[in-house]
Amino acid sequence: MTRTPLRAALVVAALAAGLSACSPEPETSADGVPSGSVSAGGASPGTAGAVYVTGAKTGDDPCTRVVSAIGYLRLSLLPAGREEAQHWDGDVRGRFGYLRGTLAMYGSRLPGPASDAATAIDDVAETLSRADTADSRRPDLLRRYRTASAAVLAACGQT
């Protein structure tokens, strides 16, 4: 069946209408600020923080969320000692980006001993999530990530 430009336009319009019906208008607080706006102190319980993780709520347990994001990334990484062979496709880079979003929402509420490690993870993940990072830099950055993520896991009572 040959599609005509009019038929294709109608299909796109119908899809757009259906999708827009699925996303409600953002809620606003009493002062008119959208509930998804970034607050000065980052996301924390009782404040309207930005949501970077699908299904996340600002009041969720920070250790649970960050440990989960670390585990999600781990699924795409080769075992320790194989950093030189790691493949850096969009999946791996995207999971580093996901971890950054999780840290943006919950990093400030991690236990004290995890604070410096969470900052180190964010710094390394920012570089590793970019496609333009030189391959020669990635193995060392991945080793630094592993050290920092181990510290966060330990502070959260995980291994």
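**The disulfide and its surroundings**

Tutor: Cys63 and Cys156 are joined by a disulfide, with an S to S distance of 2.1 Å; the term is used for a pair of cysteine sulfur atoms within 2.5 Å. This is a predicted model, in which local features need pLDDT of at least 70 and side-chain atom pairs count only at pLDDT 80 or more, while totals for chains, interfaces and linings use all residues. Residues are numbered from 1 along each chain as its sequence is written, and side-chain values use heavy atoms, leaving out hydrogens and water.

The structure holds 1 disulfide. The angle about its S-S bond is -75°, and the link of Cys63 and Cys156 is left-handed. Cys63 belongs to helix H2 (residues 62-74) and Cys156 to the segment after helix H5 (138-155), so the bond ties together parts 93 residues apart in sequence. Helices here are DSSP runs of H or I with at least four residues, numbered from the N terminus. Cys63 is buried at 13% relative accessible area, and Cys156 is buried at 14%, where buried means under 20%, exposed over 50% and partly exposed in between, with a 1.4 Å probe and protein chains only.

Helix H5 also packs with helix H4 (residues 115-128), at an angle of about 150° and with the axes 9 Å apart. Axes are lines fitted to C-alpha atoms over the stretch in contact, and angles run from 0 to 180 degrees between N-to-C directions. Contact means heavy atoms within 4.5 Å. Among the residues that meet are Ile121 and Val124 in H4, and Leu141 and Tyr145 in H5.

Conventions
Helices (H or I, at least four residues) and strands (E, at least two) are DSSP runs, numbered from the N terminus.
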